[in-house]
Amino acid sequence: SRQSGPSKLVPLPLAAFFSWPPLWQTGRRQRGAHNAMPGTNCQKAIQIWSEKNDNANPEEATIVKLLCLSPPIEKMDSSLNQLVNVKHLALSTNSIANMISLPALKNIEVLSLGRNMIKKISGLDEIGATLRELWISYNQISTLDGLNPCVKLTTLFMSNNKIKDFSELDKLTANPELINILLKGNPCYEGLNKKQAAREILGVLPKVTTIDGELQTGGDDGDDE
């Protein structure tokens, strides 16, 4: 007799049982976990930081590090304005997409936002008078707009972003005290060695003394290999 019933069930490729169903089930689990666990808000992050630091008062702290939260911080919000004495605020390794204005942070000197999902530098108008260092590597930033309020900026760590052209550096001429820049890992470095990249940077920003972690001596041995 013909075995038409079973024969119609066999032809499914074996790989389908090892790829498609597990991926689908994994995706469903991930979506479920995401829905059940929203990002940590900044107020909660500050509370966690306080508890880990002997119930330190956020309003008195000069260094506050809200790093690697699980679930991660997804949004900066106004609760950060309670950190009125902070000089170094770190929000690195989260999932922050947008920078916001923090008018109460009158003493901030170092802002760390590396390893987030930021596409645009913004919100620095209120803290530009005191900010000396901006650490914002490993994001998705494609322009250097937004830094002109930072008249005291000495250090810009901006590696592994999406800066495509060294002409963007023209915008940093509004930062007269800038001497330390980290820019490697951006598309503008493609095809260049470190000497060639440094020459491009110094052509626009001759006062810079440290590029990608290396002190610039001012000499040039002509080695472009």
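Predicted model: local features only at pLDDT ≥ 70, side-chain atom pairs only at ≥ 80, totals over all residues.

Reader: Which residues line the largest cavity?

Author: A lining is read as a list of residues and then by class. Here the list consists of Met76, Met99, Ile100, Leu102, Leu111, Ser122, Gly123, Leu124 and Ile127. By class, 7 of the lining residues are nonpolar and 2 are polar, with no charged residues.

Reader: Leu111 is in that list. Where is the place of Leu111, and why does Leu111 count as buried or exposed?

Author: The place of a residue is given by its element, and burial by its relative accessibility. Leu111 belongs to strand S3, which spans residues 110-112. Buried means under 20% relative accessible area. Leu111 has 2% relative accessibility and therefore counts as buried.

Reader: With which residues is Leu111 in contact, leaving aside its neighbours within four places in sequence?

Author: With those neighbours left aside, the contacts of Leu111 are Leu89, Met99, Leu124, Ile127, Leu131, Glu133, Leu134 and Trp135. For Trp135, which is 24 residues from Leu111 along the chain, the C-alpha atoms of the two residues are separated by 6.2 Å.

Reader: How is such a residue placed within a core? Which residues of the largest nonpolar core touch the most other members?

Author: One takes the core as a set and asks which members touch the most others. The largest nonpolar core has 51 residues, and those touching the most other members are Leu66, Leu89, Leu111, Leu124, Leu147 and Leu156. Helix H4 (42-52) and helix H5 (194-204) each supply at least two residues of this core. H4 gives the most to this core, with 4 residues. As for Leu156, if residues up to four places away in sequence are not counted, it touches Leu134, Leu144, Leu147, Leu172, Leu178, Asn180, Ile181 and Leu182.

Reader: Which residues of H5 are buried, and why are they on the same side of H5?

Author: For a helix, one looks at the directions in which its buried residues point. In H5 the buried residues are Ala197, Ala198 and Ile201. They lie on the same side of H5 because they cover an arc of only 100° around the axis. These buried residues pack against S6 and strand S7 (210-211).

Reader: Where is the place of Asn175, and why does Asn175 count as buried or exposed?

Author: Asn175 is in the loop between strand S5 (155-157) and strand S6 (180-182). Its relative accessibility is 3%, so Asn175 counts as buried. Not counting residues up to four places away in sequence, Asn175 touches Leu147, Asn148, Cys150 and Leu153.

Reader: How many helices and strands are there in the protein?

Author: There are 5 helices and 8 strands, and from the N terminus on they run α-α-α-α-β-β-β-β-β-β-α-β-β. The protein has 225 residues, of which 37% count as buried.

Methods
Residues numbered from 1 in each chain as written. Heavy atoms only, no water. Buried < 20%, exposed > 50% of the residue type's maximum accessible area, 1.4 Å probe, protein only. Contact = heavy atoms within 4.5 Å. Core = buried A, V, L, I, M, F, W, Y, C linked by side-chain atoms within 4.5 Å. 1 Å grid on protein atoms, 1.4 Å probe; cavity = no way out; pocket = protein on both sides within 12 Å on 5 of 7 lines; lining within 4 Å. Nonpolar A, V, L, I, M, F, W, Y, C, P; charged D, E, K, R; others polar. Arc of directions from axis to C-beta.
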